[in-house]
Amino acid sequence: MTLAETINLNVSTPIRDELADFLRQAAAGDTEAFDKVMIQTQKRVMAMTWRMLGNEADARDATQEVFLRVYKYLGRYDHKQDFHGWLYGITVNACRDLAKKRTSHTTIESADQIHDKQATAEQTSIEAQQREMVRQALASLPEKERAAVVLRDLEGFSTEEAARILRSSPTTVRSQICTARRKIKIYCERFMKNGRTGGMR
């Protein structure tokens, strides 16, 4: 099972014509069109901020800040540019800024309840534990490594695209992803062996 499959995410999809129309209308000052942009993108933004920050409260604050920035800077958005890449760049920066303001450790949220009626109670418990394990592993990574692996492995961007979003080089991002994957693997092995979490250095 891949990291993305464990988290139960779909990778990024190309921007739809409908969303492109809403973006052009919103950039021209149409607030209803901007609301539709939010509706179509807020779930993915919320998912990414949660993985970046580790808890729901901070994720909601960051998501709100993301869309405030999108509204503020939408006029600068080049419609020939990949919107999702532009949006995730804003998301990463908003998460970084919020994390700097937090002086206490974030609380790791419990895994989402899995509502698969076909799954047995035991299988549901195993899947929930796996999801929680990966969430905690991600939360324990340094911010730059977490951003790189979230964009590459969970959001489906290429290494080069992730590097552009993070304003870094592909070589650096590739190294961060490699290190992050190794740490996640070690973390998960310890989690399964000990049944408890521990910080990674």
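**Salt bridges and confidence in a predicted model**

This is a predicted model. Its pLDDT averages 77 over the protein, and 75% of the residues score at least 70. Helix α4 has the highest mean pLDDT among the elements, at 90. Helix α1, residues 3-7, has the lowest, at 50.

Two stretches call for care. Over residues 5-14 the pLDDT is below 50. Beyond near neighbours in sequence, residues 5-14 still have 26 contacts in the model. The pLDDT is also below 50 over residues 197-201. That stretch has 11 contacts beyond near neighbours in sequence. How should such regions be treated? Where pLDDT is low, the predicted coordinates should not be read in detail.

Now turn to the charged side chains. The structure holds 10 salt bridges. Start in helix α4, which spans residues 56-73. Here R69 forms a salt bridge with E65. Their closest N and O atoms are 2.7 Å apart. Both residues lie in helix α4, four residues apart, and that spacing is about one turn of the helix.

Is R69 buried or exposed? R69 has a relative accessibility of 18%, so it counts as buried, because buried means under 20%. E65 has a relative accessible area of 30%, so it is partly exposed.

R69 has another partner. Its side chain meets that of D97 in a salt bridge, with 2.8 Å from N to O. D97 lies in helix α5, residues 83-101, while R69 lies in helix α4, so this pair ties together parts that are 28 residues apart in sequence. D97 is partly exposed, with a relative accessible area of 31%. E65, R69 and D97 are linked in a network of salt bridges.

Next, follow helix α5 to R96. Which residue does R96 pair with in a salt bridge? The partner is E143, and the closest N and O atoms are 2.7 Å apart. R96 lies in helix α5 and E143 lies in helix α7, residues 143-154, so the pair ties together parts that are 47 residues apart in sequence. R96 has a relative accessible area of 21% and is partly exposed. E143 is partly exposed too, at 25%.

The R69–D97 pair joins helix α4 to helix α5. The R96–E143 pair joins helix α5 to helix α7.

Conventions: Residues are numbered from 1 along each chain as its sequence is written. This is a predicted model: local features need pLDDT of at least 70, side-chain atom pairs count only at pLDDT 80 or more; totals for chains, interfaces and linings use all residues. Side-chain values use heavy atoms; hydrogens and water are left out. A salt bridge is a side-chain nitrogen of Lys or Arg within 4 Å of a carboxyl oxygen of Asp or Glu. Helices (H or I, at least four residues) and strands (E, at least two) are DSSP runs, numbered from the N terminus. Buried means under 20% relative accessible area, exposed over 50%, partly exposed in between (1.4 Å probe, protein chains only). pLDDT is the predictor's confidence in each residue, from 0 to 100. Contact means heavy atoms within 4.5 Å.
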